[in-house]
Amino acid sequence: MNNVDLPLTVFIVDDETPARHRIKELLSDCGAQISLELIGEASNGREALEQLSVQHADVVLVDIRMPEMDGIELAQHLNKLDKPPVIIFTTAYDNYAIQAFEQHAIDYLLKPIRLGRLFEALTRARAAVPVKSEVLQELTPEPRKNLSIQERGKILLIPIERVLYLRAELKYITVRTVEREYLVEEPLGALEKEFAARFVRIHRNCLVAKEEIESFEKMGEDGADSHWSVKLRGLDERLPISRRQQFIVKEFKKF
Amino acid sequence: MPKAQSINENLLPDALPNFRNLGAILRIVLLVNGIALLAAIAQAVSVQDIVQRFVDSSAFLQPVLLSSLLLLYGLNDALARLAYWKGVTAVILLVVVITLAIAYLGGDLYASAAEDTSFHAWRNALLSGALTVLLLIYFKLRAMSLSTALQDARLQALQARIRPHFLFNTINAVLSIVRADPKRAETALEDMADLFRMAMADSQKMVLLRREIELSRQYLSLEKLRLGDRLQEKWQIDDALDDALVPPLMLQPLLENAVYHGIEPLSEGGLIEVRLQRIGSELHMDVRNPCRKHLGLHNGNKMALENIRERLDLQFDVEAKYTVESGDDHYHVHIQLPYVKEEQYE
């Protein structure tokens, strides 16, 4: 990947100050044998994403359990960068994730981190391939809290609770919030599975937020041609419900 | 079984019930009357007869019951100081003597014409003695479940300490200051040792509240090592609480819960408020922390809180209360228990 002569640039993400401090000490201990440059640190996923979308790092050391945005979600968003960094997870304990790491041969460091292990991981990092997004999704039972979109070289985060509907069109998915539309490149089926708690499928190409449904309206003349559509809070648009999904109208009336 | 006397023998399974505890008194009154009612039902020939028989037996039963309770209330401390088997014998003798005394004093009032006064007296003495034995067995079983609950509490506290999340993160935090601030690292390790010691301790004694407070502060200072300014604490402690005794591991698990569920998930952190005050003969403990509602309780912690509730119930019965108030942005645990002083047992 990189020229071997250039120092390896490293970024640290951990919500605990002493934990970051410890890694910095260990990095400076490694410095004698491997050329390193610490280019920044952040105390949660959101901050890290902001900094890393303007500044490239070769390796990001990411804690898993953090407030705001956890390490696994951060990794999923970082993958959207033009030059995604190599991610090395650090954790004191996280049974679920560790099993997955082992299964997919993803590099991780257990806290307290040993100098030797960190050194090994950094040495291997230049040759490492970024972990695939589908694999990252498997690392956690939790859905992401945000969708991320790359726009003009920056990563935009759209909190999932602001998304009203997701509609597949040709190659992209339209993500609609009250304010505007965004385009993401993820399969609709995968989104439906991940965010099953928030969205319901009303059409082959469309998922709407259950909580935002304002009303159902009958479209067209009574008779064979009539069908239902959904009106969402804050949008004038009516989204058609396909014939196969008509049953959800009845299901919702139960609530 | 020879055993050193402890200041609070009452906590051990080999102990008489606390005859001054409202819950114990209520249980005795209800159980005795319940049995009397069953006896009346067993002998009755009609529904009216049940009432008649119960009223008849009450005329003798209630004076015996009330004077026994009164006497036991007065002698409670003296009885508690006796070895268990001596105490049991003393209680049974007391009740038998009271029964005989009332039977003879009442004389013709109680014994029907067909019945010999002395037979009536001795029969009732036998019955009340037997009933006392049954009640003491019942209280002993209850006390035994308290000791199980206490062992569970220690086990859970120990498990919380060994919980990888706490253990490894704390070791990691200590490692991070070993080079820069060795003194602070030393204190942190000492605090950690104290926390483990408390959880592994075998003692069933009540502990001084100030010791529990000290332990809780040591715990918070360890967490502060990791969380820094994110963890803020505010203590409000009545001066009048210096000699108060509390069951071990009451306060500290509440704080652990507050840190894990309240502070850690918030990047800006928050304030844990602890208030300990004495109101009359009650001790009130309040722990309040910010909390995001959608974050459900972690299983281990739920067990710890459940265990505190169970121990309060077994030890203080109706005299202790445990309430949780869970708002949109805060979590508040309130514990009320009888105020017990150190000298009271000496």
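Lys218(A) stands opposite Trp228(A) in E14(A). This is a predicted model: local features need pLDDT of at least 70, side-chain atom pairs count only at pLDDT 80 or more, and totals for chains, interfaces and linings use all residues. Residues are numbered from 1 along each chain as its sequence is written, while chains are lettered from A and ligands numbered from 1 in the order in which they are written.

**Sheets of chain A**

E13(A) and strand E14 (residues 227–232) of chain A pair in the antiparallel sense, over six bridges. Helices (H or I, at least four residues) and strands (E, at least two) are DSSP runs, numbered from the N terminus. Two strands pair if DSSP finds at least two bridges between them.

These strands belong to an open sheet of three, in the order E13-E14-E15 (chain A), with antiparallel pairing. Strand E13 (213–219) and strand E15 (238–240) of chain A stand at the edges with a single partner strand each, so one side of each is left without a neighbour in the sheet. From one strand to the next, the twist averages 35°. Axes are lines fitted to C-alpha atoms, for helices over the stretch in contact, and angles run from 0 to 180 degrees between N-to-C directions.

Another open sheet in chain A has five strands, ordered E10-E9-E8-E12-E11, and its pairing is antiparallel. Its edge strands are E10 and strand E11 (199–203) of chain A, each pairing on one side only. Here the twist averages 25° from one strand to the next.

Which residues of E9(A) and E10(A) pair up, and how are the strands joined? Arg176(A) has Glu181(A) in E10(A) as its bridge partner. A hairpin of four residues joins E9(A) to E10(A). Arg176(A) in E9(A) also stands opposite Tyr165(A).

| Strand pair | Bridges |
|---|---|
| E8 (residues 165–169) of chain A with E9(A) | five bridges |
| E9 (residues 172–176) of chain A with E10 (residues 181–184) of chain A | four bridges |
| E13(A) with E14 (residues 227–232) of chain A | six bridges |

**Helix packing**

Two packed helices are described by the angle between their axes and the distance between the axes.

In chain A, helix H2 (residues 45–54) and helix H3 (residues 71–78) have axes that come within 9 Å and cross at roughly 20°. H2(A) and H3(A) are therefore roughly parallel to each other. Angles under 35 degrees count as roughly parallel, over 145 as roughly antiparallel, 65 to 115 as roughly perpendicular and the rest as oblique. H2(A) passes H3(A) in a right-handed crossing. A crossing is left-handed if the near helix is turned anticlockwise from the far one by less than a right angle, and right-handed if clockwise.

From H2(A), the contact uses Gly45(A), Ala48(A), Leu49(A) and Leu52(A); from H3(A), it uses Gly71(A), Glu73(A), Leu74(A), His77(A) and Leu78(A). Two residues are in contact if their C-beta atoms, placed from the backbone, lie within 7 Å. By class, this contact of H2(A) with H3(A) holds five nonpolar, three polar and one charged residues. Ala, Val, Leu, Ile, Met, Phe, Trp, Tyr, Cys and Pro count as nonpolar, Asp, Glu, Lys and Arg as charged, and the others, Gly among them, as polar.

Chain B supplies another pair. Helix H6 (residues 182–200) of chain B and helix H7 (residues 209–227) of chain B pack at an angle of about 130°, and their axes are 9 Å apart. H6(B) and H7(B) are therefore oblique to each other. The crossing of H6(B) past H7(B) is left-handed. In H6(B), Ala188(B), Asp191(B), Met192(B), Asp194(B), Leu195(B) and Met198(B) meet Leu215(B), Gln218(B), Tyr219(B), Ser221(B), Leu222(B) and Leu225(B) in H7(B). That contact of H6(B) with H7(B) divides into eight nonpolar, two polar and two charged residues.

**Domains**

The domain assignment of chain A gives domain 1 (8–138) and domain 2 (163–253). Domain bounds come from an automatic or database domain assignment. Taken over C-alpha atoms, the centres of these two domains of chain A are separated by 37 Å.

For chain B, the assignment gives domain 1 (9–143) and domain 2 (163–345). Their centres, taken over C-alpha atoms, are separated by 42 Å. Eight residues from domain 1 of chain B and nine residues from domain 2 of chain B make the contact. Helix H1 (residues 22–43) of chain B gives the most to the domain 1 side, with four residues. That side of domain 1 of chain B divides into five nonpolar, two polar and one charged residues.

**Between the chains**

The contact takes 16 residues from chain A and 19 residues from chain B. On the side of chain A that touches chain B, six residues are nonpolar, four polar and six charged.
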